[in-house]
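I am opening a notebook page on this structure, and I want to go through the fold before I turn to the ligand.

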Amino acid sequence: MQTTFSIIKPDAVANGHAGKILSLLEANGFRIVALRMTRLSQSQAEGFYAVHAARPFFASLVKFMTESSVILMALEREDAVLKLREVMGATNPANAADGTIRKLFAESIERNSIHGSDAPETAAEELKYFFTGIELSQR
Ligand code: ATP
Ligand code: MG
């Protein structure tokens, strides 16, 4: 079993797709370990996407991620990191496979509905960034 970190992004929450996305994740074998709805502060969003700080889209990405509420999740299943990336689909919804969350719900390459950690090491860091050890150990 592996745990990964995911965010239902502001576009999907605002457009009323959160329930459908949670349903799709559960249908794909993910167990919700921890979940919290919140609105990210600028510093939380900047810290979370720090790896992209030098990219031209960084300021716009931070503005988007802080515009309204998000849903933070810890998700468990076998091969969770890789499987979540599959269920999410490509970053640009124009390239996302049929049936993926981004194909179904994303508005653009930026407003793409869901985040998923890209490796086990980043999953561990991102889970720790947003959740306490107690939250992550509930079963
Ligand atoms: P995430 O990290 O959110 O799961 P990802 O791993 O598929 O997405 P990254 O390359 O890590 O993609 O980019 C992080 C986020 O930055 C994207 O999900 C998207 O919201 C935004 N983004 C990426 N590329 C662009 C771009 N060219 N223009 C605008 N926004 C972008
Ligand atoms: Mg990424």
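In which order do the elements of the protein run from the N terminus on? I note that this is a predicted model, and reading it from the N terminus I find the order β-α-α-β-α-α-β-α-α-β-α-α. My tally of the secondary structure comes to eight helices and four strands. I then looked up the radius of gyration, which is 14 Å and close to the 14 Å that the globule rule gives for 139 residues, so I wrote down that the protein is as compact as a globular protein of that length. Along the principal axes, the C-alpha atoms fill a box of roughly 40 × 35 × 25 Å.

Next I turned to the ligand. I looked up the pockets and found that the space taken by ligand 1 is the largest pocket. There are 14 residues around ligand 1, and I listed Lys 9, Tyr 49, Thr 91, Glu 110 and His 115 as those that come nearest. Sorting this shell by class, I get five nonpolar, five polar and four charged residues. Helix H5 (80-88) and strand S4 (114-116) each supply at least two residues of the shell.

Then I looked up polar contacts to oxygen atoms of ligand 1. For Thr 91, a polar side-chain atom lies 2.5 Å from such an oxygen, while for His 52 the distance from an N or O atom in the side chain is 2.9 Å. Gly 116 takes part through its backbone, where an N or O atom lies 3.1 Å from an oxygen atom of ligand 1. Last, I looked up how much of the ligand is covered: taken alone, ligand 1 exposes 580 Å², and the protein buries 81% of that.

Note on methods
Residues are numbered from 1 along each chain as its sequence is written. Chains are lettered from A and ligands numbered from 1 in the order in which they are written. This is a predicted model: local features need pLDDT of at least 70, side-chain atom pairs count only at pLDDT 80 or more; totals for chains, interfaces and linings use all residues. Side-chain values use heavy atoms; hydrogens and water are left out. A residue is near a molecule or strand if one of its heavy atoms lies within 4 Å of it. A polar contact is a pair of N or O atoms within 3.5 Å; within protein, one must be able to donate a hydrogen and the other to accept it, and residues adjacent in sequence count only if both atoms are side-chain atoms. Accessible areas come from the Shrake-Rupley method with a 1.4 Å probe; for residues, only the protein chains shown count as cover. On a 1 Å grid over the protein atoms alone, a cavity is a set of points where a 1.4 Å probe fits but cannot get out, and a pocket is an open set with protein on both sides within 12 Å along at least five of seven lines; lining residues have an atom within 4 Å of a point. A molecule sits in a cavity or pocket if more than half of its atoms lie within 2 Å of its grid points. Ala, Val, Leu, Ile, Met, Phe, Trp, Tyr, Cys and Pro count as nonpolar, Asp, Glu, Lys and Arg as charged, and the others, Gly among them, as polar. The radius of gyration is taken over C-alpha atoms; the globule rule is 2.2 Å times the number of residues to the power 0.38.
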